[in-house]
Amino acid sequence: MDKRLTSNKSLANYQYLMDTIWTIYLEDGSVEIQKDSMIPELENTKHDYVILNNTIKNDVYPPDHILWDETVSLEAFHTMIAEGCFHKTFDLRFCNDHFGFEWHETFIDILVNNEGIPDRILLSSRNINDFRKAQIIETAVRSEYDYVIYIEASKNSYVMYTSGSESYSPPPIASYDYDGVVASYNRQYMAPELHEEMTEKLQIAHIEPILRKHGEYIVYGTMIENGVNREKKMRFSYYDREKNIWLMTRTDITEIKEERKQKKLLQEALQSANAANRAKTDLSGKSRALLPPSPLRTVRESFPSYG
């Protein structure tokens with residue numbers, strides 16, 4: 001598929017989607033800035049591209065300097081054309097005291113004239129800070145939690161936004177019957193003697209007054225995963241108190257509890273050993289006190305010595 005774009009087509013596609021649009025003219029090495037959210041004072045101005053490139057590089061996040069040099073220099077554009085590459089996408093990060101930190105998805109498009117000869121470069125980008133931040137947070141959530149659930153308590157509905165484990169069956173992604181799903185899920189993944197009590201603890205009617213009073217609610221339970229008991233911590237907190245929207249996170253604490261158990265057993269063993277040593281020492285002292293005096297000592301003490 002031909003990746004080459006005409007100027008009008010590119011601008012039509014990008015103008016309302018992009019935060020930055022530069023057109024670079026290969027013939028004279030100039031750049032026309034149609035749009036730039038980071039430095040809006042440069043919009044609708046024309047500059048020498050090499051000079052502007054070197055100036056803007058000061059705002060490029062230092063770890064991306066090499067990427068900047070290898071992708072957006074005039075030499076890099078000519079290399080793309082020579083290799084028949086007419087489109088490229090990559091991420092660039094920018095940082096300064098004026099706009100802070102911005103993560104941009106950047107696009108390079110080689111534009112051609114009426115004869116099909118490359119004569120311009122369309123360099124555009126869009127701010128994807130929120131998207132990348134969400135990805136990073138989701139990755140952290142996946143490593144920390146089994147899942148995170150967004151609960152609209154007043155509507156008895158929920159949406160599960162992420163699940164960190166694939167070794168078991170998580171709840172349905174969404175439901176308009178939170179209480180019903182909780183009861184069904186607990187019957188399936190909890191021991192018969194435990195699920196009724198846990199279901200009651202996880203009902204909206206039980207949680208709501210506790211949240212109103214304390215701002216959070218934590219409950220612990222034992223779930224069955226792949227035939228093995230796993231210890232879980234479920235924490236409820238407000239996402240939006242006014243709208244009565246909650247967040248629930250579930251964390252696997254099996255290893256933590258096991259570590260604490262082993263630590264407690266070790267401490268108890270050490271305490272027992274110390275107690276046994278003290279008892280042995282006390283017994284030894286008492287035994288020495290009960291021994292009769294040494295005969296040699298008695299003889300020596302009967303005859304005083306003379307200097």
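Good morning. The chain in this predicted model has a secondary structure of ten helices and twelve strands; both are DSSP runs numbered from the N terminus, with helices being H or I of at least four residues and strands E of at least two. Residues are numbered from 1 along each chain as its sequence is written, and side-chain values use heavy atoms, without hydrogens or water. Because the model is predicted, local features need pLDDT of at least 70 and side-chain atom pairs count only at pLDDT 80 or more, while totals for chains, interfaces and linings use all residues.

Let me turn to the chain as a whole. Of its 307 residues, 38% are buried, that is, under 20% relative accessible area with a 1.4 Å probe, protein chains only. Among contacts (heavy atoms within 4.5 Å) with a separation of 6 or more, 41% are between residues 24 or more positions apart.

Where does β12 lie in the chain, and how many of its residues are buried? Strand β12 covers residues 245-252, and seven of its eight residues are buried, so it is largely enclosed by the rest of the structure.

Arg250 of β12 is the bridge partner of Tyr147 and of Met234.

Finally, the hairpin of β11 and β12 has four residues between the strands, and Asn244 there takes a positive phi near 60°. Thank you.

Terms used: Buried means under 20% relative accessible area, exposed over 50%, partly exposed in between (1.4 Å probe, protein chains only). Two strands pair if DSSP finds at least two bridges between them.
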